[in-house]
Amino acid sequence: MLAFLIQRVLQAIFVMFVVALISFSLFHYVGDPVLNMLGQEATEADRAALRAQLGLDQPVVVQFWQFVVNAAQFEFGISYRSARPVTDLIMERLPATLELAIISAIFAVVMGIVLGIYTAIQRGSWLSKFIMTASLIGVSLPTFLIGILLIYLFAVELGWLPAFGRGQTVRLGDWWTTGLLTTSGLRSLILPAITLGLFQLTLIMRLVRAEMLEVLRTDYIKFARARGLSKRVVNLRHALKNTLIPVITIIGLQLGTIIAFAIITETVFQWPGVGALFITAVRFVDIPVMAAYLMMIALVFVVINLVVDLLYYAVDPRLRVQGGAK
Amino acid sequence: MSSTPSSAEPGAVEQAPDDRNAAAASHPPDGGREPVLCVRHLRVEFPTRHATLVALDDVSFDIAPGEVLGVVGESGAGKSMTGNAVIRLLEPPGHIAGGEVRLAGRRIDDLAEEDFVPLRGRHIGMIFQDPLTSLNPLFSIGDQLVETIRAHLPMNEKQARERALALLREVGIPAPETRLDSYPHQFSGGMRQRVVIALALAAEPELIIADEPTTALDVSVQAQILALLKRVCAERGAAVMLVTHDMGVIAETADRVAVMYAGRLIEIGPVNEVIRRPQHPYSEGLMASIPGLAERRERLYQIEGAMPRLAAIPAGCAFNPRCPHAAERCRTERPELLPAGAGQAACWLHDPENPVARREAPQDTQEATR
């Protein structure tokens, strides 16, 4: 177990190193930021001074080493555009993105599993067929279109929910701002959360359904029924637990995707999150922000993968090698 | 190892085969010993897009308390289907389309599903072929035992665990205290089948349906498991329906044997009689094809042709295209189970009024041409 954990952590560090290399290479291949920052009228001396200030006059290897050391301490330098530390910018925006991502992930996972189980158990029913057909929409419609349709229906036509923004927020602790404690914050969250989670919901639902159908055909389910266990126990205890093993992986990866794809939803709903920050950064070639965003998303994926691997251990006794009688 | 205490029991059971057979198949049970299971004219259908397949057709038999009925036949003959129909675990769209099933006199085939669920495990236990896949890999065997016991008996967690330990001890799991919290993958195949038997017996059902219980096991383990199954059922007076294609298993374990062919029951009788003096031409072929240790043969006997598919069962007797004795009547009129030898056979050779003539020649010529 410990060896496994160490191995996984080393792998994660390697992945992060590679991502750091890619992020770092942005600085050298996406134009010259100094030209952008100073404009056309600046003198060569001004440029050299700024270059030195930003550390761009150092050898590449030294620059990279400096970048990695800083990144390990969550230091990503100064934003070229707003001249503020990148870490501050991201930290300001992170709560909005995380709240949106977590709420839509909960929405997707809970609804996905419930609907997946329902459509697997009531395979032939009219409602199951309707849900399966409707889920095709979730899979095939692009996120921005769903967002725009939802805004049109619920904000413009019905006027039930706000069309953009995060509503009122409350400050918690030093830097965390939350929209979950105000009515306007919660109302603002509904449409973006559905938009962001809908694709994942349909994906999880279809996966749970397929796995569940597979598991329901196994001998141990038939034997569980032959032992006289009630339908509910067989379906929700014996079948569901086996269904969840492969589903956990996908859900884990999808959580990462939710945070990464928040960009589109945040743009559509003008949600003041990290995704919106990234889009602005791209527009202004704000490389430190882009690099930091890349590193952040990679870290999220790596951490989730690690957690998923550990969850396997918790769920499947066959992986727990030690402690057995063998 | 586990067979020694039981060796007296089977003998005692075998002492009364005759009066049981008188009560068997088509006659209603006569007074005193009511059969545990009574199946009459059971019919199972699978509707498909093109046609309705009849998987079981007019199957009737009884099993007395403490009796082991072996059910044999080739793959697809309907042996497992019969067991699944009795415990109502047919794969949809398969369903019981006719006949009746009585458990201790009570009709159970027409119960609603929610009324049937409590019968499973409590009154009818079932053991499946593959112990490696019968147990849920994610739950410890203690969990699976306790949940089964508590589903049927009014016990708290602690009492159920005690009972689980006693069951494991009874089926010969060494040091059950240390194994109760182990997971299925930590047991060998034979040990897992013992756990499966413990699970099937957890609530003391009167009827055990064992569907090929030893097919997936090592030959050396097979005998142990059979002896165990026979002993624990004899101790409880539970009736056993033993489904297998292995005549050796039947010969060793069963009191009576039922032979199935193309979804029909074609012969039923005391096990020694059916093996030594089969009455139906198909049973004759089946018994002749068992390799014996004593005799030396170039090739094993085989019945010409193959069992018909369910979609193409011939009119009359299902066996007529392969039968050496087939007469015109066999191709048009389906025989009922008729008294034959010490049991019954569904064959016009045994029609008391107008039997079809037996032709001895074909079998001999077959032997001669080899």
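**Exercise 1.** Which residues of α6(A) are exposed, and which are buried?

*Solution.* Step 1: A:W126, A:K129 and A:S140 are exposed (over 50% relative accessible area; buried is under 20%, partly exposed in between, with a 1.4 Å probe and protein chains only). Step 2: A:S128, A:I131, A:M132, A:S135 and A:G138 are buried. Step 3: seen down the axis of α6(A), the buried residues fall within an arc of 105° (taken from the directions from the helix axis to the C-beta atoms), so they line one face of the helix. The exposed residues are on the other side.

The model is predicted: local features need pLDDT of at least 70 and side-chain atom pairs 80 or more, while totals for chains, interfaces and linings use all residues. Residues are numbered from 1 along each chain, chains are lettered from A and ligands numbered from 1 in the order written, and side-chain values use heavy atoms, without hydrogens and water.

**Exercise 2.** Classify the aromatic pair of A:F223 and B:F128 and locate its rings.

*Solution.* Step 1: the ring centres are 6.0 Å apart; rings of Phe, Tyr and Trp (its six-membered ring) pair if their centres lie within 6.5 Å. Step 2: the planes are at 80°, so the pair is edge-to-face (over 60 degrees; under 30 is stacked, the rest tilted). Step 3: A:F223 lies in helix α9 of chain A and B:F128 in a loop of chain B, so the pair joins two chains.

**Exercise 3.** Which ring lies under B:R179?

*Solution.* B:R179 lies over the face of B:F187, 4.1 Å from the ring centre (the rule asks for NZ of Lys or CZ of Arg within 6 Å of the centre and within 35 degrees of the ring normal).

How values were computed: Helices (H or I, at least four residues) and strands (E, at least two) are DSSP runs, numbered from the N terminus.
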